[in-house]
Amino acid sequence: MTTGRARRRIVVRGVVQGVGFRPFVYTTAAELALSGSVSNDSSGVLIEIEGAPADLDAFAQRLHDRPPPLAVVESVEVQSVALRGGTGFHIADTTRSSVGRTLASPDVALCADCARELRDPGNRRYRHPFINCTNCGPRFTIIASLPYDRDRTSMADFTMCDRCASEYGDPADRRFHAQPIACPDCGPVLAYHERGVDESLAQAGAALAAARKVLRDGGILAVKGIGGYHLACDAGHEAAVAELRRRKQRGDKPFALMVPDLAVARSIVEVDATAAALLTSPARPIVLLARHVAGAPEVLSVAAPSPSTSTDQVSHAMPPAGSVAPDNPDLGVMIAYAPLHLLLFGLPGDPPGPQVLVMTSGNLGGEPICYDDNDARARLVGLADGWLSHNRRILVPCDDSVVRLVDGLELPVRRSRGYAPLPLVLPIPMSPTLAVGADLKNTCAVAEGRYAWLSQHIGDMDDLATLRAFDDAEHHLEQLTGVAPEHLVADAHPGYRSTAWARRNAGARPVRLVQHHHAHIAAVMGEHGVDPAATVLGIAFDGTGFGPDGAVWGGEVLAAGYKDFRRLAHLKYVPLAGGDVSVHRPYRMALAHLWAAGLDWSAAIPAVQACPDAERAVLKHQFATGLGCVPTSSMGRLFDAVASLAGVRHVVDYEAQAAIELEGLSRGVVDDTRGYRFAIGDAENLGAEPAVIDPTPVVAAVIRDAAQGVPAAVLGARFHEAVARLILQLAQDFAPSPTPVALSGGVFQNALLLARTRRLLQDNDFPVISHRRLPPNDGGLAFGQLLAVSAG
């Protein structure tokens with residue numbers, strides 16, 4: 001056994017700053033009687049450690065195996081160096097090296113320790129709206145640049161008092177080097193402004209009391225959170241919800257809900273163990289969950305010990321108003337993640353207030369979220385009756401993330417707060433590259449080496465304000481990661497604003513274009529670390545994507561690798577008349593499918609009834625002549641058509657509304673028939689042209705069954721089963737074992753379809769990959785764009 005001493009230099013890379021890593025190193029070294037130092041620098045955490053070799057080995061093992069809860073350790077690099085001697089262990093100042101890269105932490109929800117202190121009248125941070133520690137609080141949204149030090153965050157505006165400075169400098173304290181550390185004596189302050197009143201309330205208790213009163217009285221409150229402003233109202237107050245919907249110009253699009261604790265969440269939605277863990281995770285996303293069963297008792301929340309509740313608090317909550325999410329099977333629910341949110345709901349002793357709040361992004365429909373105070377006061381003046389704000393600047397806007405669960409597995413719908421800017425591992429090393437994503441649900445991404453960083457959700461690129469938000473997000477992402485892109489990559493659609501942005505800002509750098517559905521499949525391949533030499537059978541089903549033949553693709557079967565793809569089959573083309581007009585009016589897509597199938601436009605068909613006579617005549621002329629039409633193979637538009645043919649939805653207020661309502665009706669339906677079947681072209685004789693998937697038998701069967709009085713729920717269930725069985729048939733025709741089947745595109749946000757498809761494929765021994773860390777919609781497209789050019 002070695003009895004001498006040794007000294008080692010250790011570099012720990014990953015998400016290791018702002019997560020309590022240095023105090024963890026300090027206490028671990030003390031336990032093992034090791035001497036040396038630890039510091040942050042641009043490459044991660046640097047450690048010089050000296051002692052017995054066995055203890056040094058145990059120390060390095062703990063770094064890798066037992067890091068702090070919020071840390072993500074990418075690597076632990078150990079190098080032997082010359083002995084220097086000395087006693088004790090100390091924490092050194094941050095250094096600025098010219099190599100390496102630190103990974104920034106996402107914003108982290110309030111921890112249990114801080115929640116207890118928030119409720120403790122004997123604690124000096126009792127009711128402090130900005131309480132945080134090393135294990136929780138804002139990160140990404142307050143960071144200007146790395147390394148993560150206070151002078152590089154918006155907390156640089158606040159000078160620590162002596163007591164906070166003492167905690168900040170004490171390695172044994174939970175707030176050691178917690179950059180957002182503050183208390184009522186030295187931290188940010190709340191302010192309440194009422195519409196039409198010049199004076200503001202700057203005392204925290206009075207500001208919160210006034211804000212709660214607005215909510216109790218059925219008003220609309222603008223609340224400044226971690227990543228931007230929310231608009232809030234009492235979710236059980238029908239008139240308040242309807243008024244917020246009117247002011248926000250939101251149509252029927254569902255609102256997200258916020259509750260104070262898990263008990264209240266359980267009272268309005270179905271929460272199993274997996275959902276509970278996700279709702280209370282450090283990310284605290286909005287989770288889409290089935291509404292609570294009808295006839296359940298009135299909500300009675302007896303708060304249990306948790307990060308956001310008190311054992312002596314009992315609160316009553318009204319069920320959400322019907323207009324929160326009309327005709328939608330799910331509710332989007334999140335648990336309060338910031339101390340200000342808990343104070344808004346109220347602590348013991350506060351007057352009772354609403355325990356279920358609508359909490360939607362502070363903006364008009366289609367605009368980016370407000371995060372700057374002056375901008376919010378201007379843009380929200382017609383939307384809010386009062387403003388609850390504070391003077392801690394938000395440097396990076398960040399919407400709430402949205403997740404759903406399918407068979408107990410996470411399916412991201414929007415990846416933003418709590419997840420961005422955590423990197424994803426690339427299966428192929430890349431030179432510095434920027435991907436600009438698509439025009440809907442836009443995110444951008446940068447990559448270098450083996451990592452890619454996706455931005456937070458930016459939004460739809462159809463508004464000047466969103467384009468400005470894209471500029472800011474892209475610039476900040478480069479600054480945060482240190483990636484200086486040498487190449488740009490964009491969608492092949494010639495009319496995309498994101499693609500135009502890439503061309504305008506490329507300068508002398510090359511811009512490469514990637515076909516939309518190839519990027520979708522590359523994204524899910526990369527997420528699962530598929531080998532660069534492998535080929536998958538890609539099922540890319542979505543609403544819209546530009547095809548090389550000039551058509552609107554969206555029902556695609558691809559033999560795909562990262563480098564290229566071959567189109568094996570696609571949904572039969574039908575005419576898309578008037579572009580977005582037909583997207584917003586599903587009855588037009590129903591008529592297009594009837595026309596393409598050679599079926600009569602009988603007045604008994606609900607979709608035909610929904611179309612005005614004059615419009616019907618124009619459509620008939622357009623379909624016959626091709627005037628103003630573009631062919632589309634979109635599976636998303638087929639879902640719209642079936643929803644209209646079944647009488648479910650003829651006009652939509654938001655994307656995929658018809659398909660969402662059809663899915664909701666179809667859940668839980670038990671159907672003993674074989675369902676419907678698509679016709680597929682001869683796969684064995686596939687030549688230069690891809691096989692065509694003909695939906696005519698399905699469309700005809702829907703019309704027949706509807707005419708016979710079959711309920712829309714059964715029609716929908718049979719249609720979902722038909723699409724799932726179509727995918728199985730495509731796998732049997734085109735995927736020789738053991739070719740993986742990759743599922744991507746916005747249609748696979750449909751939980752019923754995704755679950756049934758995965759089960760059928762797995763039961764028939766097909767390896768299947770689907771999204772777990774990125775959305776299947778265009779929010780994950782930038783990652784796929786990076787991968788598609790990395791192999792080129």
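# Reading a sheet, its helices and the cores

Modeller: This is a predicted model. Helix α23 lies across β19, β20, β21 (487-491) and β22, and runs at about 85° to β19.

Biologist: In what order do the strands of that open sheet stand, and what is the pairing?

Modeller: The 4 strands follow the order β20-β19-β21-β22, with mixed pairing. From one strand to the next, the twist averages 60°.

Biologist: Which strands stand at the edges?

Modeller: An edge strand has a single partner, so one of its sides has no neighbour in the sheet; here that applies to β20 (445-454) and β22 (511-514).

Biologist: How many bridges join β19 and β20, and in which sense do they pair?

Modeller: Strand β19 (residues 423-435) pairs with β20 over 7 bridges, in the antiparallel sense. As one example, Pro 423 has Trp 453 in β20 as its bridge partner. Helix α11 (residues 464-481) also lies across β19 and β20, and its direction is at about 150° to β20.

Biologist: Back to α23. At what angle do α13 and α23 pack?

Modeller: Angles of 65 to 115 degrees count as roughly perpendicular. Helix α13 (residues 516-527) and helix α23 (residues 781-790) pack at about 90°, their axes 7 Å apart. The two helices are therefore roughly perpendicular to each other.

Biologist: Which residues of α13 and α23 meet?

Modeller: From α13 they include His 516, His 520, Ala 523 and Glu 527; from α23, Phe 783, Gln 785 and Leu 787 are among them. By class, the residues of this contact divide into 7 nonpolar, 6 polar and 1 charged.

Biologist: What do nonpolar side chains tend to do in soluble globular proteins?

Modeller: They tend to be buried together. In this model the largest nonpolar core has 84 residues, and Phe 21, Ile 47 and Phe 59 have the most contacts inside it. Helix α5 (residues 204-216) gives the largest share, 6 residues. A second, separate core has 74 residues, including Val 557, Val 741, Leu 743 and Ala 755.

Biologist: Which residues is Ile 47 in contact with, leaving aside neighbours within four places in sequence?

Modeller: On that basis, the contacts of Ile 47 include Arg 8, Arg 9, Ile 10, Val 25, Phe 59, Leu 63 and Phe 89.

Biologist: Is His 341 buried or exposed?

Modeller: Buried means under 20% relative accessible area. His 341 has 2% relative accessibility, so it counts as buried. His 341 is placed in helix α9 (residues 339-345). Leaving aside neighbours within four places in sequence, His 341 is in contact with Met 258 and Ala 336.

Methods
Residues are numbered from 1 along each chain as its sequence is written. This is a predicted model: local features need pLDDT of at least 70, side-chain atom pairs count only at pLDDT 80 or more; totals for chains, interfaces and linings use all residues. Side-chain values use heavy atoms; hydrogens and water are left out. Axes are lines fitted to C-alpha atoms, for helices over the stretch in contact, and angles run from 0 to 180 degrees between N-to-C directions. Angles under 35 degrees count as roughly parallel, over 145 as roughly antiparallel, 65 to 115 as roughly perpendicular and the rest as oblique. Contact means heavy atoms within 4.5 Å. Ala, Val, Leu, Ile, Met, Phe, Trp, Tyr, Cys and Pro count as nonpolar, Asp, Glu, Lys and Arg as charged, and the others, Gly among them, as polar. A nonpolar core is a set of buried Ala, Val, Leu, Ile, Met, Phe, Trp, Tyr and Cys residues joined through side-chain atoms within 4.5 Å. Buried means under 20% relative accessible area, exposed over 50%, partly exposed in between (1.4 Å probe, protein chains only). Two strands pair if DSSP finds at least two bridges between them.
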